Amino acid sequence: NDADKAPIKAVVDAYEQGLLKTTPFLLVRHAKAKPRNSWTRSEGERTLARTGFTQARALARMLTVWQPERLVSSRWTRCVQTVQPYAAAMDMSIKKQTALTEHAADRDPDKAQRILLKQFNNPKSTLVCSHRPVMPTLLKALKTVTPKELREFLPQENPYLAPGEAIILHRALDAKRRWRAVAVEIHKPFED
């Protein structure tokens with residue numbers, strides 16, 4: 001069938017280039033947090049709202065599809081709480097990164113991007129969790145490892161991701177043995 005030729009050719013080409021064996025890389029925005037304007041303690045201690053805890057549990061169930069082997073998070077409470085249900089279910093630890101917090105990424109966006117790209121280039125399936133204000137910085141880094149034809153599928157404008165939403169980049173090694181995105185998915189685990 002003529003309509004089948006293009007997709008079959010694309011699969012054959014991907015196979016010949018070694019692009020069918022992929023490893024997922026996930027970028028997650030923390031789940032819904034308590035309102036910023038009603039929080040009186042340190043911003044880094046702001047916790048998830050009730051809906052956020054529900055989103056975190058839904059995210060944990062969803063993550064079993066991609067089974068991230070490494071969990072990297074902003075060290076702020078709401079990001080850690082977002083990833084914690086999956087970490088607990090899989091008996092994993094969470095690597096907490098100060099550079100992925102809102103304040104640190106605002107002061108040194110290059111460091112946040114370097115950390116993200118270091119995780120992207122780790123061959124293990126990896127999840128990184130951060131904040132809405134940090135997303136433009138992190139997405140800018142992801143665009144450097146995403147082919148032009150796939151960049152349009154990355155979020156382009158604020159809020160970039162909804163609370164608890166995840167971008168999944170399927171990565172493969174290119175001819176120069178560099179990790180590159182070969183497919184992009186975006187998933188919302190729960191909305192109330």
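**Surface patch, cysteines and a salt-bridge network**

Val 11, Tyr 15 and Leu 20 make a nonpolar surface patch of about 340 Å². Patches comprise residues with over 30% relative accessible area and no salt bridge, with like charges joined within 9 Å and nonpolar side chains (Val, Leu, Ile, Met, Phe, Trp, Tyr) within 5 Å. Accessible areas come from the Shrake-Rupley method with a 1.4 Å probe, and for residues only the protein chains shown count as cover. The model is predicted: local features need pLDDT of at least 70, side-chain atom pairs count only at pLDDT 80 or more, and totals for chains, interfaces and linings use all residues. Residues are numbered from 1 along each chain as its sequence is written, and side-chain values use heavy atoms, without hydrogens and water.

Tyr 15 is exposed, at 61% relative accessible area (buried is under 20%, exposed over 50%, partly exposed in between; 1.4 Å probe, protein chains only).

The disulfide count is 0 (a disulfide is a pair of cysteine sulfur atoms within 2.5 Å). The sulfur of Cys 79 is 4.0 Å from that of Cys 129, its closest cysteine sulfur, too far for a bond. Cys 79 is buried, at 0%. Cys 129 is also buried, at 0%.

The structure holds 7 salt bridges (a side-chain nitrogen of Lys or Arg within 4 Å of a carboxyl oxygen of Asp or Glu). One network links Arg 36, Glu 43, Arg 46, Arg 78 and Glu 102. Glu 43 pairs with Arg 46 at 2.8 Å, N to O. Arg 46 is buried, at 5%. Glu 43 also bridges to Arg 78, at 2.9 Å. Both Glu 43 and Arg 78 are buried. Glu 102 meets Arg 78 at 2.9 Å, N to O. Glu 102 is buried, at 11%.
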